[in-house]
Amino acid sequence: MTDLEKKPFVTKGQLDEIVKKYPTPFHLYDERGIRENAARLREAFSWNKGFKEYFAVKATPNPHILKILQECGCGTDCSSATELMLSDAAGFSGREIMFSSNNTPEGEFKLADDMGAVINLDDITHIESLEKELGRIPEVISCRFNPGGIFEISNGIMDNPGDAKYGMTTEQIFQAFRILKEKGAREFGIHAFLVSNTVTNDYYPMLAKVLFELAVKLKEETGVHIGFINLSGGIGVAYRPDQEPNDIAVIGRGVKKVYEEVLTPAGMGDVAIYTELGRFMLAPYGCLVAEAIHEKHTYKEYIGLDACAVDLMRPAMYGAYHHITVMGKEDAPCSHKYDITGSLCENNDKFAVDRMLPEIEMGDLLVIHDTGAHGYSMGYNYNGKLRSAELLLREDGTVQMIRRAETPQDYFATLDGCEMMEKYLKASEKEG
Ligand SMILES: *Cc1c(COP(=O)(O)O)cnc(C)c1O
């Protein structure tokens, strides 16, 4: 089933009301969509007793969103101290937190361990850092695997793990398990993240086969107890209207089949499956809402929005496609070819290039789809641009601001002690 229309989760009527109170641009999240999707994921893996999704905090680092996911049975996957702090503040603790860092700064293993998080080691040399920081090796430990080479599925090459900075080689993970076991680890996990944004139902089952076979060998050769296998992130979403979205039920069944073929016969039918999905959990349930504020007719036709790449970096960074709906013109013919731009002094600050859309008038509201993950969170402050607000459309139809827009004072705040900026820093005290 393709979603050729790609309808926004919010109506023009709702948005007209929302913008009266909250000025554009803003990211808007759909609580109902988030909950329904999380329930579909849980159902797809309900055959596995220990299944747990650890939401990748980097995708949408807002504690209000994390809380909703927690209510849906999810934990969090963190890779930095601040992500750990966000998880802690949102009420996650112990085995609800996975710490999958790489090139880990000093002190972060300790912070993760203090919260009781499960630590997932990216490299064999991290065993030493971990032991130095904690004075011991935790009883529960996970290691990240990188099979190297290229990763292929039935319809071709997916990615090139041999070029990725993450994970341990086969030889290293065997050695790491032996060392960790000797140092007192009792429950082991295996983790791998080989391909991002896959739009195929085959990725997880293929990855599962690689990891399950590795798990059997690791158990046989090192004698460790493998408690969980973490398939991590990488299930993608259909950003384009002509793409066939993933079917999580089919993916869950695909993993189950491999589990029963590889793990169950090896006497490992008690291994829990973990996931660390970010994009799949949130991307379609967020959108960036912006207003058309300028039109320009030169060698091309341009529409300028009040949002820019600091609100959504993916098009500038990866040339990523994000579908756009001109609100109120859903049924109008796509008769105009536009570049939809932001206001950065960077020519890649374009939400769309040569996009066929209905005729846009100044003041029209545009919905940029699928920004719920890796959207706001990738934001930055280039050109002194300030990041937008985040709003939550609740299940009852009300709207809650879950992060205010940045102010110039936020931007200047780290210049503290700089007298030149006094005048602008004081402004915030008056307002506040
Ligand atoms: C980014 C990341 C994820 C989430 O990836 P998605 O593509 O959003 O599913 C999960 N685990 C780790 C370790 C990551 O770095």
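Me: What counts as an aromatic pair, and how many aromatic pairs does the count come to?
Reply: Rings of Phe, Tyr and Trp (its six-membered ring) pair if their centres lie within 6.5 Å; planes under 30 degrees apart are stacked, over 60 edge-to-face, and the rest tilted. By this rule the count here is 13 aromatic pairs. The model is predicted: local features need pLDDT of at least 70, side-chain atom pairs count only at pLDDT 80 or more, and totals for chains, interfaces and linings use all residues. Residues are numbered from 1 along each chain as its sequence is written, and side-chain values use heavy atoms, with hydrogens and water left out.

Me: Why is the pair of Phe-177 and Phe-188 tilted?
Reply: The ring centres of Phe-177 and Phe-188 are 4.7 Å apart and the planes stand at 40°, so the pair is tilted. Helices (H or I, at least four residues) and strands (E, at least two) are DSSP runs, numbered from the N terminus. Phe-177 belongs to helix α7 (residues 170-182) and Phe-188 to strand β9 (residues 187-191), so the pair ties together parts 11 residues apart in sequence.

Me: Are Phe-177 and Phe-188 buried or exposed?
Reply: Buried means under 20% relative accessible area, exposed over 50%, and partly exposed in between (1.4 Å probe, protein chains only). Phe-177 and Phe-188 are both buried.

Me: Which rings are linked into a cluster?
Reply: Ring pairs join Phe-45, Trp-47, Phe-51, Phe-212 and Tyr-259 into a cluster.

Me: How many disulfides does a search of the whole structure find?
Reply: A disulfide is a pair of cysteine sulfur atoms within 2.5 Å. The search of the whole structure gives 0 disulfides. For Cys-72, the closest cysteine sulfur is that of Cys-74, at 6.0 Å, which is too far for a bond. Cys-345 is in no disulfide either, the nearest cysteine sulfur being that of Cys-308, 9.9 Å away. Cys-72 counts as buried at 11% relative accessibility, whereas Cys-345 counts as exposed at 66%.

Me: At roughly what angle do the axes of helix α2 and helix α3 cross?
Reply: Axes are lines fitted to C-alpha atoms, for helices over the stretch in contact, and angles run from 0 to 180 degrees between N-to-C directions. The axes of α2 (residues 31-44) and α3 (residues 63-71) come within 10 Å and cross at roughly 35°.

Me: Which residues make the contact?
Reply: Contact means heavy atoms within 4.5 Å. Glu-31, Ile-34 and Arg-35 of α2 meet Ile-65, Ile-68, Leu-69 and Glu-71 of α3.
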